[in-house]
Amino acid sequence: NRRVTVRDLATAKQRGEKWSMLTAYDALTAGVFDEAGTPVLLVGDSAGNCHLGYETTVPVTMDQMVMLAAAVVRGTKRAMVVADLPFGSYQESPAQAMHNAARLMKDAGVGAVKLEGGERSARSIELLVEAGVPVMAHIGLTPQSVHALGGYPVQGRGDEAAHQLLRDAKAVQQAGAFAVVLEAVPAELARQVTEQLTVPTVGIGAGADCDAQVLVWTDFAGMTAGRVPKFVKQYANLRAVLGDAARAFAEDVRTSAFPAAEHTFH
Ligand code: KIV
Ligand code: NA
């Protein structure tokens with residue numbers, strides 16, 4: 001049983017077959033999604049805010065990404081595992097990007113890496129692809145730039161910004177990216193990008209016309225505390241399920257209802 005490859009995803013676009021991607025940060029959760037048939041799992045640097053307790057993705061380190069990505073690879077059999085290059089691990093130079101992409105492939109065993117930026121990252125993408133590293137690009141809203149953007153605003157609004165997004169999409173495709181994440185862009189613009197590219201677009205907050213859709217697993221499963229973004233659909237309510245379980249356990253212990261005879265050795 002082989003893993004999903006970049007060629008499978010190229011074929012899917014030709015056939016007009018849409019696919020889903022979920023984030024994963026540990027072997028256990030990744031194994032559940034792998035068994036469910038999710039073809040691509042992203043070890044996102046969203047681990048920063050969704051798994052490690054930081055406010056943003058900015059503090060995430062290469063050592064953390066390697067540890068999380070290795071766990072996701074170990075926990076899966078079929079999915080393509082893509083890992084993010086975190087902030088500061090690739091912006092200095094194409095050589096730095098290659099060094100850290102190689103760590104993710106050799107030390108964690110991932111099948112592809114993802115990095116943020118369109119035209120600004122094209123040279124690095126080109127070097128990685130020449131070296132045999134499959135690269136997923138990420139344009140539109142790029143959360144590693146949260147401090148420069150002053151938050152997480154929708155991108156590509158207005159003619160100027162829309163043209164820049166199209167240029168970014170074409171630049172990363174030209175550089176050899178096998179897929180492009182479009183984050184927080186108007187649906188009409190995401191459709192245009194999807195039509196103009198030969199490689200698949202993976203939307204998050206980018207409307208229904210992308211070739212694929214990605215959600216952060218803690219958002220889609222209802223694990224996130226507080227409000228989730230407008231583009232999230234909650235497919236489960238794990239936070240409530242686990243909270244109820246913890247309260248029921250505590251109550252059983254308090255009343256000596258647990259452990260019962262069937263849980264006890266003699
Ligand atoms: O880190 C992440 O989860 C991502 C997805 C939102 C695409 O980059
Ligand atoms: Na990310």
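Two strands count as paired if DSSP finds at least two bridges between them. Helices (H or I, at least four residues) and strands (E, at least two) are DSSP runs, numbered from the N terminus. The views below show a predicted model, in which local features need pLDDT of at least 70, side-chain atom pairs count only at pLDDT 80 or more, and totals for chains, interfaces and linings use all residues. Residues are numbered from 1 along each chain as its sequence is written, while chains are lettered from A and ligands numbered from 1 in the order in which they are written.

**View 1. Strands β4 and β5 run parallel.** Strand β4 covers residues 112-116 and strand β5 residues 135-140, and four bridges join them. Valine 113 has valine 135 of β5 as its bridge partner. Strands of a sheet pair through backbone hydrogen bonds, either parallel or antiparallel.

**View 2. Eight strands close into a barrel.** The order is β1-β2-β3-β4-β5-β6-β7-β8, with parallel pairing. From one strand to the next, the twist averages 25 degrees. For such angles, axes are lines fitted to C-alpha atoms, for helices over the stretch in contact, and the values run from 0 to 180 degrees between N-to-C directions.

**View 3. Strand β1 pairs with β8 and with β2.** Four bridges link β1 (residues 19-23) to β8 (residues 212-215) in parallel, and leucine 22 is partnered by leucine 215 of β8. The pairing of β1 with β2 (residues 40-43) is also parallel and has three bridges. Here threonine 23 stands opposite leucine 42 of β2.

**View 4. Helix α9 packs on the sheet.** Residues 187-196 form this helix, which touches β6 (179-183) and β7 (201-204); contact requires that the C-beta atoms of two residues, placed from the backbone, lie within 7 Å. The directions of α9 and β7 make an angle of about 165 degrees. In the loop between β6 and α9 lies alanine 184. Alanine 184 is not a glycine, yet its phi is positive, about 50 degrees.

**View 5. Residues surround ligand 1.** Among them are Thr23, Leu42, Asp45, Asp84, His138, Val181 and Ile204. A residue is near the ligand if its C-beta atom, placed from the backbone, lies within 6 Å of it. The shell has five nonpolar, four polar and two charged residues; Ala, Val, Leu, Ile, Met, Phe, Trp, Tyr, Cys and Pro count as nonpolar, Asp, Glu, Lys and Arg as charged, and the others, Gly among them, as polar.

**View 6. A cis peptide bond joins phenylalanine 258 and proline 259.** Omega is about -5 degrees at this bond. Proline 259 belongs to the segment after α11 (238-254).
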